[in-house]
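This briefing covers selected features of the structure shown below.

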Amino acid sequence: MTDNSYDQDYIATPATAVARRSQATAVEQSRAAEEVRAAVVVAQQCPRDLDAARREMRQSCAQMGLADKAFYEVPRAGEKIIGASIHLARELARCYGNFQSGFSELDRDDVAGYSEITAWAWDVERNVRSSRTFRVMHKGGKGGNTPLKSEQDIYTNNSNAAARRLREVIFSLLPPWFKEEAEDLCRRTLIGPADELNRRAENAIASFNTTFKVELAQLERRIGKPRPEWTGEDVADLGILFNSLRRKEITREEAFPPDRSTAAEVAATAAAASALAAPDTTAPTTIDESDAEAEAFLARDQPPGGQQ
């Protein structure tokens with residue numbers, strides 16, 4: 001026989017539930033339910049036009065204001081990962097139409113130092129919803145191990161973590177072709193016309209030096225090419241990196257690690273230096289011609305038996 005005492009202890013009767021629930025809570029719940037019903041009705045009465053959504057998306061992605069923040073870069077397993085940002089996700093959701101998204105804090109424990117947050121996206125017209133519920137520790141700073149005490153620091157930390165999950169749920173509902181075309185158009189906008197390449201490259205060099213104290217040699221080492229060989233794609237990648245550094249998605253040390261030589265390179269350099277310092281024992285011994293003639297003359301004047 002199943003023991004249902006646990007459920008019975010925690011299931012309240014309708015009468016007691018209504019009594020405990022405040023009037024403000026009841027009004028808010030009723031309002032939220034009506035908003036959901038109204039959103040569904042409006043979305044079904046005014047279905048999205050994919051051609052119009054595509055035109056609006058193309059127009060948005062042609063603007064440098066969006067393209068400049070459409071991508072992010074983070075280090076992972078020794079490699080750089082470039083992807084579409086939350087800014088692009090939100091703009092595409094707006095262009096797509098009949099789409100809602102957001103995040104909210106479900107629970108917070110200041111003693112244990114964490115917040116439980118849910119990020120969600122809802123295609124209202126198709127009534128398809130995607131959500132992620134996760135826990136964010138109230139820690140930050142270098143290494144992410146410093147406890148956060150300020151309300152503003154905790155809010156910023158939670159918002160940054162929620163934005164990453166929100167990006168995932170939005171893209172999980174948008175058509176893949178819609179996202180891929182938008183990324184390609186934003187990349188073309190960042191590359192820009194060929195006749196502006198030199199100006200944009202010089203602006204990038206100046207911005208890195210002024211903001212992050214990064215020299216041209218460091219930029220060339222990261223790209224793998226000297227400055228005269230940079231292409232529009234290279235300058236676009238520098239722009240993505242600059243914005244990621246500014247948003248603190250990647251640190252300066254991660255983006256521009258010191259130039260460390262490997263053990264093999266150090267050993268090879270040391271061996272080459274030792275070889276240059278050592279005397280050359282393979283060179284033939286040379287005899288001064290004047291010395292040779294003097295020895296021959298003395299030998300000729302010597303009497304037999306070596307007597308003088």
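Does Phe178 count as buried or exposed? At 0% relative accessibility, Phe178 counts as buried, the threshold for that class being under 20%. The model is predicted, and the points below are grouped by topic.

**Aromatic pairs**

- The structure holds seven aromatic pairs. Among them is the pair of Tyr96 and Phe99, which is edge-to-face because the ring planes stand at 70°, an angle over the limit of 60 degrees; the ring centres are 6.5 Å apart.
- Tyr96 is buried, with a relative accessible area of 7%, and Phe99 is buried as well, at 14%.
- Tyr96 also pairs with Phe178: the centres lie 5.5 Å apart and the planes meet at 55°, so this pair is tilted.
- The pair of Tyr96 and Phe178 links distant parts of the chain, since Tyr96 belongs to helix H6 and Phe178 to helix H8 (residues 176-191), 82 residues apart.
- Ring pairs join Tyr96, Phe99, Trp177 and Phe178 into a cluster.

**Charges over rings**

- Arg165 lies over the face of Phe134, 4.4 Å from the ring centre.
- Lys179 is placed over the face of Phe171, at 5.0 Å from the ring centre.

- Strand E1 (residues 71-76) pairs with strand E2 (residues 79-84) in the antiparallel sense, over six bridges. Within this pairing, Glu73 has Ile82 in E2 as its bridge partner.
- Two residues lie between the strands of the E1 and E2 hairpin, where Ala77 takes a positive phi near 55°.
- Most residues other than glycine have a negative phi.
- Asn98 is not a glycine, yet has a positive phi of about 50°. Asn98 is located in the loop between helix H6 (86-96) and strand E3 (99-109), and is partly exposed, with a relative accessible area of 23%.
- Lys248, also not a glycine, has a positive phi of about 65°. The loop that holds Lys248 runs between helix H11 (232-246) and helix H12 (252-255). With a relative accessible area of 75%, Lys248 is exposed.

**Largest pocket**

- The largest pocket contains about 1,300 Å³ of space. Of its 34 lining residues, Asn160, Arg164, Arg247, Lys248 and Glu249 are the closest to the centre.
- Two or more lining residues of the largest pocket come from each of E1, H6, strand E5 (128-137), strand E6 (139-140), helix H7 (151-173) and H12.
- H7 supplies the largest share of this lining, with ten residues.
- By class, the lining of the largest pocket comprises ten nonpolar, eleven polar and 13 charged residues.

**Second largest pocket**

- The volume of the second largest pocket is about 360 Å³. Its lining has 20 residues, and Asp68, Arg200, Ala204, Val235 and Gly239 lie nearest the centre.
- H8, helix H9 (197-212) and H11 are the elements that give two or more residues to the lining of the second largest pocket. H11 gives the most, with seven residues.
- The lining of the second largest pocket divides into nine nonpolar, six polar and five charged residues.

How values were computed: Residues are numbered from 1 along each chain as its sequence is written. This is a predicted model: local features need pLDDT of at least 70, side-chain atom pairs count only at pLDDT 80 or more; totals for chains, interfaces and linings use all residues. Side-chain values use heavy atoms; hydrogens and water are left out. Helices (H or I, at least four residues) and strands (E, at least two) are DSSP runs, numbered from the N terminus. Buried means under 20% relative accessible area, exposed over 50%, partly exposed in between (1.4 Å probe, protein chains only). Rings of Phe, Tyr and Trp (its six-membered ring) pair if their centres lie within 6.5 Å; planes under 30 degrees apart count as stacked, over 60 as edge-to-face and the rest as tilted. A charge sits over a ring if NZ of Lys or CZ of Arg is within 6 Å of the ring centre and within 35 degrees of the ring normal. Two strands pair if DSSP finds at least two bridges between them. On a 1 Å grid over the protein atoms alone, a cavity is a set of points where a 1.4 Å probe fits but cannot get out, and a pocket is an open set with protein on both sides within 12 Å along at least five of seven lines; lining residues have an atom within 4 Å of a point. Grid points are joined across faces, edges and corners, and a volume is the space filled by probe spheres set on the points. Ala, Val, Leu, Ile, Met, Phe, Trp, Tyr, Cys and Pro count as nonpolar, Asp, Glu, Lys and Arg as charged, and the others, Gly among them, as polar.
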